[in-house]
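Here is a short report to read alongside the model. Keep the viewer open and follow along, strand by strand and site by site.

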Amino acid sequence: MAWVPYSRGLHEVATGCWAWFEPPGTWGLSNSGVVRIGNETLVVDTQNDVRRAGDLRAAVDRVAGSDGIGTVVNTHDDGDHWFGNLRFEDSRIIATTAAASGMRSVPIDPRRLVEVGRDGSALQRWSRWRAEFYDYEGWRPVYPTETFDGSTTVKLGDGVVEVYEVGPAHTRGDAIVHVPEAGVVFTGDILFHRATPVVWAGPVSNYIAACDVVLGLEPEVVVPGHGPVARTSGVRETRSYLVRLLEHTLRCIEAGAPAEVAYRTFDPAEYRLWPHASRAYQSIRAIYAEHEPDLPGPSWAESMEIVLEDDAS
Ligand SMILES: [Zn+2]
């Protein structure tokens, strides 16, 4: 794999495969992917907002020419991976059944971000920043036109693209996209390359298993959901972070410690310098919810308050 710069825009990562980067890949700044075999084109994830989706669309149109874009895959239901679908309405749009259903019950309408969070909260500051930073002028939801469970294939020219459901892990309905002839996997948010992953749904054991699915495909090139292009070593790092997080949290549960203590005592060791370390709180809460289902857990807003308060510090 030739060196691929992590700069905004479309970069070829292998023959017929491109990654669209939105550095620095922080909250909501996600990657997309493009695959072209013969004269057929597939897009992986459509960006977070109207402007970014439009920029991506213009770049893909330059690759696809007059052939059009036959297929879009949304890897999961986080808005930064499908809110841009309105710029790809002329394509068929595929997602897992679980992801498509998540999109229809999205907790926050991006046009109403300024109303999110109680006064003075970190969640409110974060939501207002997002409302300013992202462009939702004229936004409307465009949902997948086809869903699948387990796995599906998309014929592209004389080749094939494989889509595997690996959730529930990061979210309820995660999928990854494999291009066998190019040795490329687009992971969605199974990989936040060189940043702390976050477990919204879990179980974490399934997130670890999803890393194993990616590794089992033995790709040359891994395009993460956020961050620069990776090799399998990047997936192994995330896997080892998640194993460490899970083992620590299970020890804390065993000892009867509350989740806050598990969070304050978690040492990510060599991953200490990854940005967004406080996402560990949300991930630890997900492990508590799975293993201690009778304990009342915090709401999403309460959990995010700690994640964001510490993220800013
Ligand atoms: Zn994302």
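Strand β6 (residues 92-96) is largely enclosed by the rest of this predicted structure, because 4 of its 5 residues are buried. Strand β5 (residues 71-73) pairs with β6 in the parallel sense over 3 bridges, and here Thr-71 has Arg-92 of β6 as its bridge partner. β6 is also joined to strand β7 (residues 146-148) by 3 bridges, and these two run parallel.

An open sheet is built from 5 strands in the order β8-β9-β10-β11-β12, with mixed pairing. β8 (151-156) and β12 (221-223) each have a single partner strand and stand at the edges, so one side of each is left without a neighbour in the sheet. From one strand to the next, the twist averages 20°.

How many of the residues of β10 are buried? The count is 5 of 5, so to speak a mostly covered strand. Ala-175, Val-177 and Val-179 point one way from β10, while Ile-176 and His-178 point the other way. The pairings of β10 are set out below.

| Strands | Sense | Bridges | Residues standing opposite each other |
|---|---|---|---|
| β9 (residues 159-165) and β10 (residues 175-179) | antiparallel | 4 bridges | Tyr-164 and Ile-176; Glu-162 and His-178 |
| β10 and β11 | antiparallel | 3 bridges | Val-177 and Phe-186 |

β10 and β11 form a hairpin with 4 residues between the strands, and Gly-183 in this hairpin takes a positive phi near 65°.

Now to the metal. Which residues coordinate the zinc ion? They are Asp-80 (OD), His-81 (NE2), Asp-189 (OD) and His-226 (NE2), at 2.1 to 2.4 Å. Along the chain, these donors follow the spacing D-H-x107-D-x36-H. Asp-189 lies in the loop between β11 (184-186) and α4 (204-216), and His-226 in the loop between β12 and α5 (232-254), so the pair ties together parts that are 37 residues apart in sequence. Asp-189 and His-226 are both buried. The site of the zinc ion is irregular, with angles of 84 to 163° among its 4 donor atoms. For reference, the ideal angle for four tetrahedral donors is 109.5 degrees.

The largest pocket holds about 920 Å³. It is lined by 42 residues, and the closest to its centre are Asp-78, Pro-107, Thr-171, Trp-200 and Trp-300. Two or more residues of the lining of the largest pocket come from each of α3 (122-133), α7 (279-291) and α8 (300-311). Of the elements, α7 gives the most to this lining, with 6 residues.

Inside the structure, 1 cavity of 30 Å³ or more is found. The largest cavity has a volume of about 50 Å³. Its lining includes Asn-31, Ser-32, Gly-33, Val-44, Asp-45 and Thr-75. Phe-186, Thr-187 and Gly-188 also line the largest cavity, as do Val-223, Pro-224 and Gly-225.

Notes:
Residues are numbered from 1 along each chain as its sequence is written. This is a predicted model: local features need pLDDT of at least 70, side-chain atom pairs count only at pLDDT 80 or more; totals for chains, interfaces and linings use all residues. Side-chain values use heavy atoms; hydrogens and water are left out. Two strands pair if DSSP finds at least two bridges between them. Axes are lines fitted to C-alpha atoms, for helices over the stretch in contact, and angles run from 0 to 180 degrees between N-to-C directions. Donors are N, O and S atoms within 2.8 Å of the metal (3.2 Å for Na, K and Ca); water is not among the atoms, so sites may look incomplete. Four donors count as tetrahedral if all angles lie between 85 and 135 degrees; four count as square planar and six as octahedral if opposite donors are over 155 degrees apart and all others between 65 and 115; anything else is irregular. Buried means under 20% relative accessible area, exposed over 50%, partly exposed in between (1.4 Å probe, protein chains only). On a 1 Å grid over the protein atoms alone, a cavity is a set of points where a 1.4 Å probe fits but cannot get out, and a pocket is an open set with protein on both sides within 12 Å along at least five of seven lines; lining residues have an atom within 4 Å of a point. Grid points are joined across faces, edges and corners, and a volume is the space filled by probe spheres set on the points.
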